[in-house]
Every structure is written in C-alpha cells, then in structure tokens.
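Here is a brief report on one structure.

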Amino acid sequence: DSGPGVQNYVEALTSPSTLLELESRGIQFRYPTAQRRPYRLMGGLKSTVWFDRYGGMDPKNPEDTPSVLNSVEQLHQLIKEYIEQGVPSSKICLGGFSMGGGIALQAAARFEGSQPLGAVFCLSSYLCDDSMVWSLLEEARTNDNRNSLLSSPILMMHGESDGFVLPEWGERTRRRLTDLGCAGVQPLVPIPYAGHEMTREELAQLFEFLNTVYT
C-alpha cells in the first residue's frame with residue numbers, strides 16, 4: 001500500500017479523541033511511500049515495496065541487500081529533514097507494518113546520528129536469517145560503536161493467526177536482537193485472532209508505547 005493508504009487505514013481504526021491526545025503530546029506521524037521497483041515474488045512486475053525478495057517469504061531465503069539499502073537511504077533522508085528542522089533524533093521513532101517494520105529495523109541499524117533514535121516498532125515483520133543487520137550489530141557491540149538498535153526501545157507485535165508472515169518468524173528476529181545485546185527489545189506482543197493486519201487493539205498498544213517513550 002501507499003503511505004497515504006496506510007494513514008487512512010490507521011485513522012479509520014483510531015478514535016478522533018486518541019488522535020487529538022497524541023497530537024497534544026507533540027506526537028506526529030509521517031507515512032512515507034516505498035518506491036516502485038521490480039518485485040521477484042510478482043514475476044518481476046513493478047510494485048510499491050520497500051525491498052525485493054529472493055525465493056519467497058521464508059526468512060531462510062537470502063536478503064536482497066541492495067534494494068534494502070536504497071530504501072534505508074530514503075528513510076534516512078526523512079530523518080535528516082526532521083533533524084534539520086530542530087527535532088533531535090532521540091525524539092524520532094521509526095516503525096512500520098509488514099515490510100515497513102522490516103525496513104524500520106534496517107534503517108535503525110544503520111542510523112549514524114549524534115544520538116540514537118528514540119524508539120523503533122515492528123508490526124508483523126521479521127528479518128532474514130542472513131540479514132546484514134546481524135553483522136552490523138555484532139560489529140557495533142564488539143567495537144563499542146553506537147547503534148540505535150542496541151539502545152533504543154523496540155516494540156514488536158504480531159497477529160497470532162498471521163498465516164502470511166508467521167509469528168515465529170517475528171519471534172525469531174526478536175530473540176536474535178536480544179541475543180545480540182539490544183537492551184530495549186520488549187517481549188513480542190501477540191495480537192489474539194489477528195491475521196496479517198493492523199487492528200484497533202494493536203494500534204492502541206502502539207500508541208501507549210509511544211506515550212510511554214515520549215513522556
């Protein structure tokens with residue numbers, strides 16, 4: 001979907017009073033749209049996706065790192081724009097649903113600001129087993145380098161009935177982040193009866209997380 005499409009969906013599931021409360025706390029949302037690119041899982045047809053995939057959805061398939069890096073650059077440019085407007089990186093949260101959650105982890109792992117990002121969230125998503133993120137975290141931990149994933153709060157949620165992106169893939173990613181020293185990773189939050197979708201319950205928990213992080 002496009003950024004505006006996701007925005008319409010989120011706002012349709014969220015009460016106006018909740019949106020006004022978030023706004024009153026200074027919490028603003030930006031919904032970027034991924035670039036159109038050839039997508040192997042659609043036979044090479046162009047699609048609005050954050051990155052391409054090899055082989056299928058299973059995390060055992062290799063990561064298409066070049067397409068990942070292209071989208072990471074796009075997101076870093078958005079972050080740069082906010083910082084130039086006077087917003088410190090510690091007040092910026094990066095997150096998304098499905099592919100958007102995966103690219104949020106990717107961009108956070110490569111963010112090189114004077115301060116780490118304020119938070120990261122990842123809904124119904126995961127990283128490939130051979131993702132470059134794992135080596136970046138290993139290097140950062142070994143060399144005492146700053147990496148937002150090592151220090152920022154990280155929220156991961158997943159529909160219990162998701163048959164497209166399996167919950168165990170999300171849990172595998174969360175567990176590996178924890179094992180590599182990401183101190184802010186929270187336990188995976190299961191969303192009962194939910195498939196591959198965002199629900200009112202999930203969004204309510206996400207907003208509560210953001211309120212906690214930014215108060």
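Leu 123 sits in strand S4 (residues 119-123); strands are DSSP runs of E with at least two residues, helices runs of H or I with at least four, numbered from the N terminus. The model is predicted: local features need pLDDT of at least 70, side-chain atom pairs pLDDT 80 or more, while totals for chains, interfaces and linings use all residues. Residues are numbered from 1 along each chain as its sequence is written, and side-chain values use heavy atoms, without hydrogens and water.

Ser 71 belongs to helix H3 (residues 65-84). The table puts the two residues together. Contact means heavy atoms within 4.5 Å; residues up to four places away in sequence are not counted.

A polar atom of the Ser 71 side chain lies 2.5 Å from the backbone oxygen of Trp 50.

Now the second largest pocket. A pocket is an open set of points on a 1 Å grid over the protein atoms alone, where a 1.4 Å probe fits, with protein on both sides within 12 Å along at least five of seven lines; lining residues have an atom within 4 Å of a point. The second largest pocket holds about 180 Å³, the space filled by probe spheres set on the points, which are joined across faces, edges and corners. Helix H1 (3-13) and helix H2 (16-24) each give two or more residues to its lining. H2 gives the most, with four.

Conventions:
Polar contact = N/O pair within 3.5 Å; in protein donor to acceptor, adjacent residues only side chain to side chain.
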